[in-house]
Amino acid sequence: MTAIVLGALAAVFLLGDQRRIAVVLAQPDAAVPAPVTLREITLTFDREPSREAVEAALSFEPPLEGAIRWRGRTLVFLPGAVLEPGQYTVRLAPGSLGRAGEPLREPFEHRFAVREPGVAVIQVAPGRAEERLVELRDGQEPRILARAPRIIDYAVSPDGAQVAVVAADAGGRGSLALVQVSDGAGRSLVFDPAINIGGVAWSPDGATLAVVRRDELPGGGEGVPRAWLVRLSGEFVTTLDPDGLPSLYPGWSPDGQHLAYVSPSDARLIVVNLATGERRDLGQPRGGAAAWSPDSRIVAFESVPRSASGALPPQPVRVVSLDGAVDLTLGREGEIRSAPRFIDSDVVATLRRVIGPQRTGTDLVFESVRDGRQVRAIALAAGTDLVLHWDLAPGGRAIVYTVQTAQQFTTIVLDLETGQRTPLPAGGDVPRWLP
């Protein structure tokens, strides 16, 4: 069977003389495909394809520029730029597409739509009775995707179709569920009174999750936190640390070949090669998940100062490449650096909280990965207002961040090209883009 996966959609067709074309939607009752934000298009064949023939038969309307990669029998088309909102069509012309000449006798065509991304935030319900994961989209009423006494963490799948939600019950024990963005339908993935789930992260191919779990001990209490790989069936596969030592904040490289995690027992940031098992020590982290450059070559993480000097030693961000060619410490005395994100493989952005007699506030600072030179700085909040979380939009054209004033949360979208700031109709903490 040959399958094309388009975000939340799957279009399936068969090769051969008496074979037919069928289109299968994730929402069977939908009259037309639901709009999605497209990150890649994949075509997976049940037999060896003729790569040259398939690439020649593939086309898009309107035409798209991009790169083609092969993963075994799967063709992956990576758009060269973020697609503008609108309608698109992917086509395969008929012909001998199999390596042994198997034909596609009828043209294949599938239409899909791309919409503007939305934002997800965690809100506290009135009276602090519960926390809610809320979807915010332009022109639509806020929609609750999940609710619990506490939302511990959440992560959006690479195709934007699902959100993995870690929710705590009244006793504080975390469970893991998958929520469909299209209709809010949820499916419990890990719900076990003997397992307490913490953070969660998606693999780039959307097939695996990395979670942090604590196990109930026979005599009572809980064991140390360990990062595990989990299949979407809910099956735990393996721990990241081979010796079963504590491990926190797992973060995948964009190419899916490496995972970074914090080893709290020896205060190190470890990067593991998932194919070979090789482990690299990149330095001493301060906390939080590491950020990866788009080319999977460089890691940025909240670090501790290499040497304390002065009354206010910096709380820096460190930027290190896997080959050792890059090793920068970003931050100066009087600054707190946090929440690194790569704009591209040459520029990293961090939150810079300044505390001092001259000025107090939070900026977003863009710096060169090559030499640490400041490229740009944008003021996000002044005085005692806090900005703790932000996220970069698909394509890097905008950011979303939340300003906390006392117990009030204002979530703002900032266009990095025009400088326009748009407060969203509802605010919340931990904002993340929803394709």
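Analyst: One definition before we start: strands here are DSSP runs of E, at least two residues in length, and they are numbered from the N terminus. Keep in mind too that this is a predicted model.

User: Okay. Where does Pro62 lie?

Analyst: Pro62 sits in the loop between S5 and strand S6 (66-71).

User: And how do I read the backbone there? What is the peptide bond from Glu61 to Pro62 like, cis or trans?

Analyst: General idea: most peptide bonds are trans, and most residues other than glycine have a negative phi. In this model, the bond from Glu61 to Pro62 is cis, its omega being near 0 degrees.

User: What about Ala406: is its phi positive or negative?

Analyst: Positive: near 55 degrees, again in a residue other than glycine. You'll find Ala406 in the loop between strand S36 (398-405) and strand S37 (408-415).

User: Is Ala406 buried or exposed?

Analyst: Exposed, at 61% relative accessibility. The cut-off to remember is that exposed means over 50%.

User: Now sheets. What's the order of the strands in the open sheet that four strands form?

Analyst: The general idea is that side chains in a regular strand alternate between the two faces of the sheet. Here the order is S19-S20-S21-S22, and the pairing is antiparallel. Strand S19 (195-202) and strand S22 (236-239) are at the edges with a single partner strand each, so one side of each has no neighbour in the sheet. From one strand to the next, the twist averages 35 degrees.

User: How many bridges join strand S20 to strand S21?

Analyst: Six, between residues 208-215 of S20 and residues 226-231 of S21, with the two strands running antiparallel. To pick out a bridge, find Leu209 and its partner in S21, Val230.

User: And how many bridges link S21 and S22?

Analyst: Three, also in the antiparallel sense. Here you can look at Leu229, whose bridge partner in S22 is Thr238. The hairpin of S21 and S22 has four residues between the strands, and Gly234 in this hairpin takes a positive phi near 95 degrees.

User: Let's do aromatic rings. How many aromatic pairs are counted?

Analyst: A pair of rings is described by two things: the distance of the centres and the angle of the planes. In this structure the count is two pairs. Phe60 and Phe77 make a tilted pair, 4.6 Å centre to centre with 35 degrees between the planes. Since Phe60 lies in strand S5 (residues 58-61) and Phe77 in strand S7 (residues 74-79), the pair ties together parts that are 17 residues apart in sequence. Phe60 and Phe77 are both buried.

User: And how do I read the pair of Trp228 and Phe236: what arrangement do they have?

Analyst: Edge-to-face, at 5.6 Å centre to centre and 80 degrees between the planes. The cut-off for that label is planes over 60 degrees apart. Trp228 and Phe236 are both buried too.

User: What is the volume of the second largest pocket?

Analyst: About 820 Å³. Of the 30 residues that line this pocket, Glu116, Pro117, Ala398, Val413 and Trp433 are the closest to its centre. Strand S12 (118-124), S37 and strand S38 (421-423) each supply at least two lining residues, and the largest share, three residues, comes from S37. The lining of the second largest pocket divides into 16 nonpolar, six polar and eight charged residues.

Methods. Residues numbered from 1 in each chain as written. Predicted model: local features only at pLDDT ≥ 70, side-chain atom pairs only at ≥ 80, totals over all residues. Heavy atoms only, no water. Pairing = 2+ DSSP bridges. Axes fitted to C-alpha atoms, helices over the stretch in contact; angles between N-to-C directions. Phe/Tyr/Trp six-rings, centres within 6.5 Å; stacked < 30°, edge-to-face > 60°. Buried < 20%, exposed > 50% of the residue type's maximum accessible area, 1.4 Å probe, protein only. 1 Å grid on protein atoms, 1.4 Å probe; cavity = no way out; pocket = protein on both sides within 12 Å on 5 of 7 lines; lining within 4 Å. Points joined across faces, edges and corners; volume = space filled by probe spheres on them. Nonpolar A, V, L, I, M, F, W, Y, C, P; charged D, E, K, R; others polar.
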